[in-house]
Amino acid sequence: MTGPRPGGVTLVAVIAWISGALQIIGGVIQLFPGGQNFGAGVWAIIIGAITIVVSLGLFRGSNVARIIVTIVFAINLVSAFFLLFAGGPGAFWSSLFSGLLALVGILLLYTKPANRYFS
């Protein structure tokens, strides 16, 4: 890690942390009686915890964390692209927003200041 953390990296790390926290909350809700699925709840909690750990890696300047987030964002981008055309009418806007968020996240992680920070 070289120099101060760029604002774009901080933004992506905060979004990843919030996403992980929301996954954990959603997972806990699914564990209670009346929840959708116990297994899905446990899985959401695990994924949420991993997401938070990776976001903390971004805060610390871990290049491994940047690579993991890039892979996840790339998968989200491809999924959003397919859902734009395969999803129903309501899926269009959420897919568009999700895809744009993933694309912006990738771009922010590979700016010149971000590259210096992760080097």
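Buried, in this talk, is under 20% relative accessible area, exposed is over 50%, and partly exposed is anything in between, with a 1.4 Å probe and protein chains only. By that scale Phe92 is partly exposed, because its relative accessibility is 34%.

Some ground rules before that. This is a predicted model, where local features need pLDDT of at least 70, side-chain atom pairs count only at pLDDT 80 or more, and totals for chains, interfaces and linings use all residues. Residues are numbered from 1 along each chain as its sequence is written, and side-chain values use heavy atoms, with hydrogens and water left out.

Overall layout first. The protein has 5 helices and 0 strands, in the order α-α-α-α-α along the sequence. Helices here are DSSP runs of H or I with at least four residues, strands are runs of E with at least two, and the numbering starts from the N terminus. The C-alpha trace spans about 50 × 30 × 20 Å along its principal axes. Of the 119 residues, 29% are buried. The accessible surface is about 7,200 Å², and carbon and sulfur atoms hold 78% of that; the areas come from the Shrake-Rupley method with a 1.4 Å probe, and for residues only the protein chains shown count as cover. Contact means heavy atoms within 4.5 Å. Among contacts with a separation of 6 or more, 67% join residues 24 or more positions apart.

Next, the record. An unreviewed UniProt entry lists residues 12–32, 38–59, 66–85 and 91–110 under "transmembrane region". Those positions are given in the numbering used here, the feature names are shortened, and the annotations may be inferred rather than shown by experiment. In the model, residues 38–59 are 100% helix and 0% strand, with the end C-alpha atoms 32 Å apart. Residues 66–85 are also 100% helix and 0% strand, and there the end C-alpha atoms lie 29 Å apart.

Where does Ser55 sit? Ser55 is part of helix α2, and it counts as buried because its relative accessibility is 0%. Beyond its neighbours within four places in sequence, Ser55 touches Ala13, Ala16 and Trp17. Ser95 belongs to helix α4, residues 91–109. Its relative accessibility is 5%, so Ser95 is buried as well. With the same exclusion of neighbours within four places, the contacts of Ser95 are Ala80, Leu83 and Leu84.

Pro6 is in the segment before α1. It is buried because its relative accessibility is 14%. Which residues does Pro6 contact, leaving aside neighbours within four places in sequence? They are Pro113, Ala114 and Tyr117. For scale, Pro6 and Thr70 are 64 residues apart in sequence, and their C-alpha atoms are 17 Å apart in space.

On to the surface. A nonpolar patch is made up of Val28, Leu31, Phe32, Phe38, Val42, Trp43, Ile46 and Ile50, with about 760 Å² of accessible area together. Patch members have over 30% relative accessible area and no salt bridge; nonpolar side chains (Val, Leu, Ile, Met, Phe, Trp, Tyr) are joined within 5 Å, like charges within 9 Å. Helices α1 (7–31) and α2 (38–60) each supply at least two residues of the patch, and α2 gives the largest share, 5 residues. Val28 comes from α1; it counts as partly exposed because its relative accessibility is 32%.

Last, the aromatics. How many aromatic pairs does the whole structure hold? The search finds 4. Rings of Phe, Tyr and Trp (its six-membered ring) pair if their centres lie within 6.5 Å; planes under 30 degrees apart are stacked, over 60 edge-to-face, and the rest tilted. Phe81 and Phe82 are an edge-to-face pair because their planes stand at 70°, with ring centres 5.8 Å apart. Phe81 is partly exposed at 46% relative accessibility, whereas Phe82 is exposed at 54%. The rings of Phe92 and Trp93 have centres 4.9 Å apart and planes at 85°, so this pair is edge-to-face too. Trp93 is exposed, with a relative accessible area of 62%.

Terms used. Salt bridge = Lys/Arg side-chain N within 4 Å of Asp/Glu carboxyl O.
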